[in-house]
Amino acid sequence: MAIEHSPSLPESYRRRPWNASARLIWQALVSMRLAVHLLLFVAIASIIGTILQQQVSYHQYVAQFGPFWYRVFADLDLYDVYRCGWYIGLVAFLVLSTASCVTRNTPTMLRDMAAPKRAPGDKFLQGRQEQAALTVSEDSASIIHWEKILRERGYHTQQLPQKDSGELLFAQKGRFYRFGYLFTHFAIILFCAGALYNANLPLKIQEWLGSVRPLHNFSLPLEKIPQRHWLPADDSPFRGIISIPVGQSVNAMFELVGDGFLVQRLPFTLHLDHFTITHYRNGIAKSFISRISLYDDHGKLLHSGIAYPNHPLTYDGVSIYQTSYSDAESQLVFQSRSLVDPGLAANAFTARVGQNLQAGSSNYQLTVEKLKINNTIPRTDLGIPEQSGHSMINVGPIVRYQVTDRKTGEIWIYKSYLRALRRHGEDFLLLAYHRQGTGTEQYLAIPEGPHGNISLFVHYLGALETAAAQGAEASPRVFRQTLTRVTTDHGANLTTAQEDSFLHASLIALHSLHDYPLPFLITLHHLDLRWSAGLEMTKYPGMQIVYGACFLLVGGIFILFYVPRKRLWIRKQGNQQFQISGDSSRNQEDFHQEFLGITEELQS
């Protein structure tokens with residue numbers, strides 16, 4: 001090895017090259033340059049972990065960044081920065097470097113803070129930044145007199161023995177200033193130790209060794225997940241999510257690991273008592289609150305409270321955050337009406353989101369795709385004039401469903417509005433539809449009668465078809481007479497103005513039915529809403545270590561900024577001749593002014 005023959009190393013190191021290597025490694029570990037670079041890398045990684053949302057579904061990342069950048073970020077483990085291997089390695093190496101630096105310098109700092117036992121040499125005193133030579137009167141030539149003056153200024157004084165017979169007075173203030181360095185370095189070590197503890201290193205090691213493998217089947221019910229994918233409810237750190245419907249209980253949650261998950265047991269059973277959501281006038285969610293009760297294994301109530309965004313419910317070190325909400329298999333009541341034979345009574349049926357049903361004598365398949373409770377659209381889209389500060393309107397719940405023609409294979413996408421929309425004095429039930437693969441939506445606005453449903457319109461449609469079958473011509477008189485007869489038969493008492501408005505709206509709807517693709521109408525009639533709260537639960541025992549590090553860091557910074565060490569050496573060189581030397585660890589200009597004041601006071 002080249003280092004073995006280096007002339008700059010002692011003979012003992014040339015004989016034992018491993019000693020030289022160990023020395024070089026030690027010098028690298030205690031290097032300030034290495035510590036600064038490690039701190040910089042850890043800070044950059046922490047910024048990435050703060051900006052990029054951590055540990056959410058990988059489908060969300062794909063939708064947000066696209067397949068290419070999703071893969072790049074996944075390969076760099078940026079979706080779980082604080083628990084990935086390279087981040088843990090950086091933090092662990094920073095701990096090692098800082099601990100080595102503290103180990104090397106602590107003995108020197110402690111000796112530096114200790115009271116000196118002997119006088120320093122002349123060369124040391126001459127090298128101090130402040131120097132002054134004084135000649136005083138015989139009355140002021142007593143070291144004891146000077147000692148009293150310095151103590152009044154807050155200095156701790158002591159007389160040090162010298163080799164010769166002269167006297168030397170040593171005075172200092174803030175001798176424990178080195179604790180500022182020690183506290184800040186120990187704070188860094190504790191910060192990193194807390195981060196490593198919260199990263200759950202034992203679990204990460206088991207993942208790296210393959211003894212713990214995440215599950216990738218997200219559709220598997222909780223009770224069917226094998227026990228080898230479950231984590232115990234011990235004091236280990238965790239961070240997971242769960243979606244729980246109102247009135248149900250859980251004792252576990254899902255901890256996302258890479259593109260899979262593990263099941264983390266909870267130290268309690270969580271029951272969602274109630275869920276409340278409030279909205280702004282435009283329909284945007286304002287706040288959502290979960291009322292939660294926690295029970296032990298025997299059913300005893302441990303704690304209860306509420307959780308809402310940015311205000312978690314905390315118990316026994318576990319913080320429960322309210323993060324989202326969703327539909328929890330709400331019951332949707334639909335009404336189906338035949339357009340081939342409008343005289344038939346409406347058929348009501350119940351469905352849930354994700355359910356497949358048969359429609360139209362099994363010739364069609366209906367799939368309920370999505371339910372959205374609040375929907376805001378511009379008022380101008382409905383022909384409603386804008387109000388000051390309110391250009392949007394909440395049209396209420398909308399259900400999206402898909403109808404597939406089994407014979408032709410055509411697929412139509414429908415959106416049915418639960419709440420009637422009022423326009424030009426008439427209430428309409430709105431139905432939007434388009435063929436799959438085309439983005440152009442068509443609308444069918446069906447007028448509601450005096451009873452708040454579309455039965456009157458359907459009966460009117462059937463009466464017109466009967467009149468047409470009997471040879472009646474399409475004329476305003478036939479339309480009017482048919483409507484009058486239908487309203488009389490069904491007890492719909494309309495005024496002349498209401499009848500005119502309903503007739504006009506019905507004729508527009510009849511015109512729209514020419515392009516309607518299905519032989520039946522399916523509309524959302526009623527909604528039994530059931531909420532599910534999305535909760536995030538975290539347990540970070542290492543936070544207690546981090547809090548302690550915060551106190552140490554604040555204390556260390558305070559000492560570094562506000563407790564400088566100031567030292568004075570006053571040596572008597574003759575009966576009335578004194579030499580004064582002084583230095584300060586910081587604020588040199590301030591100390592210079594203080595030194596001048598002290599020398600002037602001693603001179604006087």
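Author: One term comes before the rest. Buried means under 20% relative accessible area, exposed means over 50%, and partly exposed lies in between. The model is predicted.

Reader: Is S293 buried or exposed?
Author: S293 is found in strand β8. Its relative accessibility is 6%. The cut-off for burial is under 20%. S293 therefore counts as buried.

Reader: Which residues does S293 touch, leaving out those up to four places away in sequence?
Author: S293 belongs to strand β8, which spans residues 285-295 and pairs with β7 in the antiparallel sense. The contacts of S293 are T269, L270, H271, D273, L301, H303 and S304.

Reader: What distance separates the C-alpha atoms of S293 and S304?
Author: S304 is one of the residues that S293 touches. Along the chain the two are 11 residues apart. Their C-alpha atoms are separated by 4.2 Å.

Reader: How many bridges join β7 and strand β8?
Author: β7 covers residues 260-279. The sense is antiparallel, and the number of bridges is 10.

Reader: Which residue in the turn between β6 and β7 has a positive phi?
Author: Strand β6, residues 249-257, pairs with β7 in the antiparallel sense over 8 bridges. V257 stands opposite G260 in β7. The two strands form a hairpin with 2 residues between them. In that turn, the residue with a positive phi, about 65°, is G258.

Reader: In which sense do strand β4 and strand β7 pair?
Author: Strand β4 is residues 230-231. L231 has Q264 in β7 as its bridge partner. Over 2 bridges, the sense is parallel.

Reader: Why does E207 count as buried?
Author: E207 has its place in helix α9, residues 201-209. Beyond its neighbours within four places in sequence, E207 is in contact with V212 and V257. Burial requires a value under 20%. E207 is buried because its relative accessible area is 19%.

Reader: What is the C-alpha separation of D528 and V333?
Author: D528 is in strand β23, residues 520-528. D528 is partly exposed, at 33% relative accessible area. Leaving aside neighbours within four places, D528 is in contact with S330 and Q331. From D528 to V333, 195 residues apart along the chain, the C-alpha separation is 8.1 Å.

Reader: What accessible area do I557, F558, F561 and Y562 have together?
Author: F558 lies in helix α13, residues 543-562. F558 is partly exposed, with a relative accessible area of 49%. The four residues form a nonpolar patch on the surface, and together their accessible area is about 470 Å².

Key: Residues numbered from 1 in each chain as written. Predicted model: local features only at pLDDT ≥ 70, side-chain atom pairs only at ≥ 80, totals over all residues. Heavy atoms only, no water. Patch = residues over 30% accessible without salt bridge, like charges linked within 9 Å, V, L, I, M, F, W, Y side chains within 5 Å. Areas by Shrake-Rupley, 256 points an atom, 1.4 Å probe, with all protein chains shown as cover. Salt bridge = Lys/Arg side-chain N within 4 Å of Asp/Glu carboxyl O. Helix = DSSP H or I, 4+ residues; strand = E, 2+ residues; numbered from the N terminus. Buried < 20%, exposed > 50% of the residue type's maximum accessible area, 1.4 Å probe, protein only. Pairing = 2+ DSSP bridges. Contact = heavy atoms within 4.5 Å.
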